[in-house]
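These are my notebook entries on a single protein chain.

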Amino acid sequence: MTDFATPDAPSVAGRQEAADSRLPVGLVLALALLCAAALSFSRAEAVWRTGAFFDSDDAMRAVQLRDFLAGQPWFDLTAYRLDPPGGLPMHWSRIVDVSLAGLDLLFSRFLAPEYAERATRLVFPFLLLAALFAVVGWLAAILSGPRARSLAVWLAMLSGATFLQFTPGRIDHHAPQIVTLAASLCFFLQGLDANRASRLAASAALMALSFAISLENLPFFAVMMAALPLFFVFEGASARGRLLWFAGGALVAFPSFYAATVPSARYFASVCDAFSFAHIAALCIGALSLVALALAAPWLPTFPARLLAAGGAGLATLSSVLLLAPHCIGDPLVGLDPLIRDLWLSHVAEAKPLLALFPKAPGIVVATAAPVALGLAAATVFAWRVQGLARRRWLLTAAVVATGLAAGLWQLRVFSSVTPLAMAPLAAAIVALVERPRVGVALRAPLAGFLAILVSPIGLALALPSGDDNEADGERACLTPQALAPLAEMAPTRVLGSFDLGSHILAHTPHSVFAAPYHRDNHGNLFAARAFMAAPDEAEAMLRKAGVGLVVWCARAKALSPLVSAAPDGLAAMLARGESPAWLERKSQKDAPLLVFALRAVK
């Protein structure tokens, strides 16, 4: 196997090879983006032509963006049309809104407002996709040298990012988080070199930015942070610079982003689903512990002494979390009502364990997990074959990918974050394989391309049977702008609808809703669930008391709604049968996918 032990210290020939590889990498990046644009053109066209949202979070982000552009204060993240009359304080930050607002204001200079928003929804994910491709190539170059960079870019395109978190119209926080994770890992790996330890401060700053957006990268960052005291245990005083650079960057960046995104009134509040006091306290204690280790290094000459000190630092950090927010250890959605968890979250595909999909779609399960497992195996083998700095980098990369694989087996959505990272070691392995002396020079490029396609998520998805799971197709018809247009023409009122309809109704109509697919909406979701499951007469009393003006139901859903199966005699079951109680007046056309009813006036 080719030895990629010292990519940061190339020979003269290696430096020339790196210089010569710039143009091909640029061409590969351009071709990858061109392929991504071509593969996703139909969705991009739909976004531009109709303004359609293909995900509830994108619709909700658009609502938050519009409120921000209309003057809603920076620290006020309340969605006032969700769970009326008080509204729902969202757990999202303004970090993503700033980028979107900048693009929207730019496009508003020469486009109508609705098309400025649509242009923003197309350009934002495309720019992030370009950044992802470039950063994955950079990661491969750090790990294995310039020869793997172009192939890593190609593998990043084949990883399916185009169809997941970077698809046209995707403006939620997931894509920025994936790019931030990959870039932070790159800086961290570079910073493991004593001559480049300052890069660790940049890595800490990116981690702080990521925390200010959301906490979904927390497991990955925990592994990276834990690596620093672990390396200190084995290396001793030579690791002091790295500890100090990372800690210094963290002690500046984390409090800065905390102050910039958390209102002062909530500085000392601890919540599990957003950047809060429990997190900033643990991060600062952890950073100060790294400083203490660095300063105490001269008095810790032996391995046992350093191990004991590092263990104490880790215990101090963990103890702060256990003291401030013990309920946050484990499930960040611990506050979600059990009924809503059963009726909604347990049916969300991306929140399910990967193996839960195996009975219906075994091919998708294999195509999702196998490339990440192969990337992990490649990183492990490289770590075993090399020494020194290269080994530390490969070990950390393997640990990060292993963390993502384990978390992805628990919740499917994590694969969106870890799969691009796994493409870098996979690219290095393919390059090492095709550059063996027995492989002719003329065959290396086509063979590398063939292997990349063969082991990529897209290649495996095309080659393996995926099963048939089109349950969402019918409900999709109820979420289009065309289906919601009649509802949008009605006078603003409070609407009772199912969980998945909520964000789309907010984005496409002037109405308020009670239910939406967000774990903080316990009150509104519980009200909607109980009203739909109640007997029609009981439901009427509940809706009139809450000031509900309209009731909507999707007539095209192919799967039996949990609201129906949980209460066969309830209001939802009645609507699903095509019936309606006398106190509801139908307002939608006979063949409309979305049934709309108005409450009749009380005589």
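**Entry 1: first disulfide.** I found that Cys272 and Cys328 form a disulfide with their sulfur atoms 1.9 Å apart; a disulfide is a pair of cysteine sulfur atoms within 2.5 Å. The pair links distant parts of the chain, 56 residues apart: Cys272 lies in the loop between α11 (240-261) and α12 (277-296), and Cys328 in the loop between α13 (303-324) and α14 (338-343). Helices (H or I, at least four residues) and strands (E, at least two) are DSSP runs, numbered from the N terminus. I read -80° about the S-S bond, a left-handed link. Both Cys272 and Cys328 are buried, where buried means under 20% relative accessible area, exposed over 50%, and partly exposed in between (1.4 Å probe, protein chains only).

**Entry 2: basis of the model.** I note that the model is predicted, so that local features need pLDDT of at least 70 and side-chain atom pairs count only at pLDDT 80 or more, whereas totals for chains, interfaces and linings use all residues. Residues are numbered from 1 along each chain as its sequence is written, and side-chain values use heavy atoms, with hydrogens and water left out.

Entry 3: I found Cys478 joined to Cys554 by a disulfide, S to S 2.0 Å. Cys478 sits in the loop between α20 (471-476) and α21 (481-488), while Cys554 belongs to strand β5 (residues 548-554); the two are 76 residues apart, and the pair links distant parts of the chain. This link is right-handed, with 80° about the S-S bond. Cys478 is buried at a relative accessible area of 0%, and Cys554 counts as buried at 10%.

**Entry 4: cysteine survey.** How many disulfides does a search of the whole structure find? The search gives 2. With the bonded cysteines numbered in sequence order, I record the pairing as 1-2, 3-4. Cys35 counts as partly exposed, at 30% relative accessibility.

**Entry 5: sheet.** I traced an open sheet of 5 strands in the order β4-β3-β5-β7-β6, with mixed pairing. Its edge strands, β4 (512-513) and β6 (584-586), each pair on one side only. Two strands pair if DSSP finds at least two bridges between them; β6 and β7 (residues 594-599) pair in the antiparallel sense over 3 bridges. Leu584 stands opposite Leu599 in β7.

**Entry 6: backbone.** I looked up the peptide bond between Pro84 and Pro85, which is cis with omega about 5°. Pro85 is in the loop between β1 (78-79) and β2 (88-89), and Asp83 is found in the loop between β1 and β2. Asp83 is not a glycine, yet has a positive phi of about 60°. Most residues other than glycine have a negative phi, and most peptide bonds are trans. Asp83 is buried, with a relative accessible area of 10%.

**Entry 7: whole chain.** I count 26 helices and 7 strands in the protein chain. The C-alpha atoms fill a box of roughly 90 × 55 × 50 Å along the principal axes. Of the 603 residues, 54% count as buried.
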